[in-house]
Amino acid sequence: MTVIAGKHILLGVTGSIAAYKAADLASKLTQAGAQVEVILTAAGEKFITPLTFQSVTGRRAYTDNDLWGNEAHVLHISLGRSADVLVIAPCTADTLAKLAHGNADNLLTITALAATCPMLVAPAMDGGMLEHPATRENLEKLGGRGVMVIGPAEGHLASGLSGKGRMLEPDEILGHLRIILGRQGQLAGKKVVISAGGTMEPFDPVRVLTNRSSGKQGYALAQAALDAGAQVVLISAPTSIPPPVGTQIIKVETVEEMKNAVLSACRGSDVLIMAAAAADFRPKHSAQDKLKKRDGVPKVEFEAAPDILKEVAAIKIAKDRPGCVVGFAAESRDLLQNATEKMKSKQLDLMVANDISEKGSGFSADTNRVTLLFPDGKQEPLPLMQKSEVAEAVIKYIANLVG
Ligand code: CTP
């Protein structure tokens with residue numbers, strides 16, 4: 001997560017049962033390489049101790065005791081000024097009200113007043129407090145001031161009631177933080193369309209023809225593009241992976257649906273990355289009813305499926321065609337030769353070639369080894385890496401091409 005590594009993140013924790021999840025958030029941020037500084041309010045301390053945060057961040061956590069200590073006259077200024085982002089999670093209705101009105105009666109709210117960085121709040125409250133006109137007004141006020149308010153989500157509440165009030169999960173908060181931190185990235189202002197996963201072609205209402213693509217590489221590319229500040233449209237064949245926070249997700253099943261979604265999303269976009277394993281052949285007909293065993297082994301006739309990248313290359317109107325088109329070539333032999341031919345026939349600006357026969361590379365694995373091919377014949381082999389690292393490397397090349 002290079003977008004988070006080295007960043008200075010100030011985490012405010014207020015008095016809510018969701019405070020235990022803040023420890024997980026602090027841990028995830030620290031593991032991603034951020035320098036996390038925690039400020040607990042007095043009510044926050046009733047739910048979780050500073051020691052918990054110190055243990056996961058390796059840094060001391062601040063409380064209101066520090067407000068009156070030796071460093072008091074500069075602490076809130078230095079904390080507020082040195083942060084890249086201030087996130088308050090969980091944020092109670094009381095702290096929301098203080099922030100909205102500029103009250104500064106504890107270390108967290110004083111620091112919030114002094115902070116010049118972007119602020120993100122993840123509200124958490126119970127039983128209809130969110131719907132109270134006072135809370136709604138406060139949230140509106142903060143939103144209007146540029147504070148990013150995320151959630152709360154709907155579900156089980158501590159009171160036993162069910163409704164809107166649950167703090168977002170740490171992974172979702174992390175996703176929103178990545179958006180804030182990536183805003184000024186190399187792809188800021190660019191629209192990137194990414195396809196992912198293996199299409200499914202039905203031949204009766206129950207059965208489909210598909211492939212081994214997991215969608216992991218495509219989803220990692222979507223996250224890396226978001227980290228670089230892009231607006232991302234993710235056109236996804238069925239997969240169980242949650243889409244990265246901030247993507248516009250378009251779910252498709254068949255190659256025909258994927259083609260239509262890609263061609264429509266390409267209008268006005270800057271980059272298309274076809275990471276999907278779209279079908280090359282599909283059953284010519286799909287039976288209306290389930291094929292029955294008693295009727296014998298069916299004979300399924302295939303027909304050629306549309307080649308999406310070739311259709312993109314054939315677009316005549318320049319504004320409907322992305323300036324940078326990237327393809328993937330998953331090969332089990334003659335990798336570079338096959339990938340080079342595909343790059344030419346599909347008129348690509350960048351081809352990402354991977355040998356699926358290698359262990360730890362290609363379908364379903366968390367790692368991948370790819371070679372980048374450029375139209376001028378240049379080749380760049382990359383080492384075996386996590387798919388997220390491959391994605392970051394590919395996005396970096398794309399950013400150089402379109403930037
Ligand atoms: N692709 C596409 N439309 C298809 C099939 C593939 O746009 N119907 C794209 C893939 O998303 C990938 C690139 O074409 O970016 C190469 O896909 P690949 O399956 O490796 O090659 P094919 O052109 O399908 O050729 P073959 O399967 O014979 O290797």
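These legends describe one overview and several close-up views of a predicted model.

Residues are numbered from 1 along each chain as its sequence is written, and side-chain values use heavy atoms, with hydrogens and water left out. Because the model is predicted, local features need pLDDT of at least 70 and side-chain atom pairs count only at pLDDT 80 or more, while totals for chains, interfaces and linings use all residues.

**Figure 1. Overview of the chain, with 13 helices and 21 strands.** Helices (H or I, at least four residues) and strands (E, at least two) are DSSP runs, numbered from the N terminus. The C-alpha trace spans about 75 × 55 × 40 Å along its principal axes. Of the 403 residues, 51% count as buried; buried means under 20% relative accessible area, exposed over 50%, and partly exposed in between, with a 1.4 Å probe and protein chains only. The accessible surface comes to about 19,100 Å², and 51% of this surface belongs to carbon and sulfur atoms. Accessible areas come from the Shrake-Rupley method with a 1.4 Å probe; for residues, only the protein chains shown count as cover. Among contacts (heavy atoms within 4.5 Å) with a separation of 6 or more, 67% are between residues 24 or more positions apart. The chain carries 43 positive and 43 negative side chains, and the centres of the two sets lie 3 Å apart. Lys and Arg count as positive and Asp and Glu as negative, without His and the chain ends; the place of a charge is NZ of Lys, CZ of Arg, CG of Asp or CD of Glu.

**Figure 2. The five-stranded parallel sheet.** This open sheet has the strand order β2-β1-β3-β4-β5. Two strands pair if DSSP finds at least two bridges between them. At the edges are β2 (35-40) and β5 (148-149), each of which pairs on one side only. Strands β1 (residues 8-13) and β3 (residues 85-91) are parallel and pair over four bridges; Gly12 has Ile88 in β3 as its bridge partner. Helix α3 (residues 50-57) packs on the sheet, touches β1 and β2, and makes about 180 degrees with the direction of β2. Helix α5 also packs on the sheet, touching β3 and β4 (119-123) at about 140 degrees to the direction of β3. Axes are lines fitted to C-alpha atoms, for helices over the stretch in contact, and angles run from 0 to 180 degrees between N-to-C directions.

**Figure 3. Lys98 in helix α5.** Helix α5 covers residues 93-101. Lys98 counts as buried because its relative accessibility is 13%. Neighbours within four places in sequence aside, Lys98 is in contact with Asn103, Asp105, Asn106 and Thr109.

**Figure 4. The eight-stranded mixed sheet.** The strands of this open sheet follow the order β12-β11-β8-β13-β16-β17-β19-β20. Strands β12 (248-251) and β20 (379-381) stand at the edges with a single partner strand each, so one side of each has no neighbour in the sheet. From one strand to the next, the twist averages 15 degrees. Helix α9 (residues 216-227) lies across β8 (191-196), β11 (231-236), β12, β13 and β16, and runs at about 165 degrees to β8.

**Figure 5. Strand β13 and its partners β8 and β16.** Strand β13 (residues 271-274) pairs in the parallel sense with β16 (residues 324-331) over four bridges. Strands β8 and β13 also run parallel and are joined by four bridges. Ile273 is the bridge partner of Ile194 and stands opposite Val326 in β16. Leu272 stands opposite Val325 in β16. In a regular strand the side chains alternate between the two faces of the sheet. In β13, Val271 and Ile273 point one way and Leu272 and Met274 the other way, and all are buried.

**Figure 6. Asp270, in the loop between α10 (255-266) and β13.** Asp270 counts as partly exposed because its relative accessibility is 25%. Beyond its neighbours within four places in sequence, Asp270 is in contact with Gly189, Lys190, Lys191, Pro322, Gly323, Cys324 and Val402. Asp270 and Arg321, 51 residues apart in sequence, are 8.1 Å apart in space, C-alpha to C-alpha.

**Figure 7. Pro205, in the loop between β9 (201-202) and β10 (208-209).** Pro205 has 55% relative accessibility and therefore counts as exposed. Not counting residues up to four places away in sequence, Pro205 touches Ala287, Gln288, Asp289 and Lys290. Pro205 and Ser286 are 7.6 Å apart in space, C-alpha to C-alpha, and 81 residues apart in sequence.
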